[in-house]
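User: I have a structure open and would like to go through some of its features. Could we begin with the salt bridges?
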Amino acid sequence: MKLEKSQEKEEHLLVKKYLQDHSLIESNITSFNNLINHRMQEIIEELNESINSDEDIEIKLGKIKVGKPQIVEADGSSHYITPSEARIRGLTYSSQINVEITIKQFGQIESHEVEIGKIPVIVKSDVCNLANLDKGQLIEEYIDPKDPGGYFIINGNERVIVMAEDLAENQPFIEKSKTKTDVMLRLFSKRGSYRIPISITDTVDGIVEVSFSRFKNIPIVVILKALGLSKESEIAKYVGRENDSLIVNLYEYANIQSEEDAMMAIAEQTSLQGTKKEILDRIKQRLDSYFLPHIGLKKEHRIEKAVTLCKFLKQFFVAKENPENLTDKDHYANKRVRMSGD
């Protein structure tokens, strides 16, 4: 009897201890603070790398800044707003986002701080107008001192972040194809703000094709050669599974000898227009930014992307031989819970 009572006391000991020092919504506030203080600047720096500068004009993005929530009235005046005022007036509790933009043109440099939009603010976060207020000050602002925060206010309504169950990212799935053939390989490549669906299918003639972003049904051998695997022997080595289908695909595009030829073949299929340099730059940018972005976003990552694609091609061939071995998308190993950080 004494043992049972001691066990009852110890039940949920870890949860109780955690809740003594933390709240259930603390992770939402911490995640939002991380976004404001660090991640937004990282996204700006990622964008900086992908901006193509020509000879005449060079654009650089600098420091990003999120202000305190405020509202502009009809007469043009502005003032800081509290969550209680946003609720009563049916307003969105949001802040301005400003970013420094530096433009270099004909040897002259100009810098401006530009408003690029607004972002809803989580109550009790670092940029909230209630941050660091004591109990008396909160009461003066008509705020319940025990309100933990952790929610948005959109058009006067409180909105909470709900955790969502989703398929795992950066992991290939074998599933039934809705259109062309019996099976397809699909994955969601995720890196920061990018989440790009990529699929591998084949045609009736046995030509294996890749689709991602705006590139639809591009032959996989053409993509591999555009990424730097220009020799058929290299592709066969990395795939590591010689069969009739691989030989057909390699033979079909044997006339493409270089990365540039492969990129022009992609341009022809996707109807890209412009000068040859513009077309090549656009294809390189899309291959770097939108094809398997979780591997990397730079030129030096192309070979690694090509090798990974060869592994996916091998998995696709195995799946074609065993079409019953589909990925169980309901298995928890293939699921992830998307929380506020995601």
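User: Which residue forms a salt bridge with K329, and how far apart are the closest N and O atoms?
Analyst: This is a predicted model. In it, K329 forms a salt bridge with E175, and the closest N and O atoms are 3.4 Å apart.

User: Where do the two residues lie in the chain?
Analyst: K329 is in the loop between α11 (302-321) and β14 (335-338), whereas E175 is in strand β9. The pair links distant parts of the chain, 154 residues apart.

User: Is E175 buried or exposed?
Analyst: E175 is buried, because its relative accessible area is 11%, under the 20% limit. K329, at 31%, counts as partly exposed.

User: What other salt bridge does the side chain of E175 form?
Analyst: The side chain of E175 also meets that of R186 in a salt bridge, at 2.8 Å from N to O. R186 belongs to strand β10 (residues 183-191), 11 residues from E175.

User: How many salt bridges does the structure hold?
Analyst: The structure holds 18 salt bridges. D166, E169, R195 and R338 are linked in a network of them.

User: New topic: in what order do the strands of the open sheet come?
Analyst: The order is β1-β4-β5, and the pairing is antiparallel. The edge strands are β1 (57-66) and β5 (108-120), each pairing on one side only.

User: Which helix packs on that sheet?
Analyst: Helix α3 (residues 26-50) does, touching β1, β4 and β5. The direction of α3 makes about 180 degrees with that of β1.

Notes. Residues numbered from 1 in each chain as written. Predicted model: local features only at pLDDT ≥ 70, side-chain atom pairs only at ≥ 80, totals over all residues. Heavy atoms only, no water. Pairing = 2+ DSSP bridges. Helix = DSSP H or I, 4+ residues; strand = E, 2+ residues; numbered from the N terminus. Contact = heavy atoms within 4.5 Å. Axes fitted to C-alpha atoms, helices over the stretch in contact; angles between N-to-C directions. Salt bridge = Lys/Arg side-chain N within 4 Å of Asp/Glu carboxyl O. Buried < 20%, exposed > 50% of the residue type's maximum accessible area, 1.4 Å probe, protein only.
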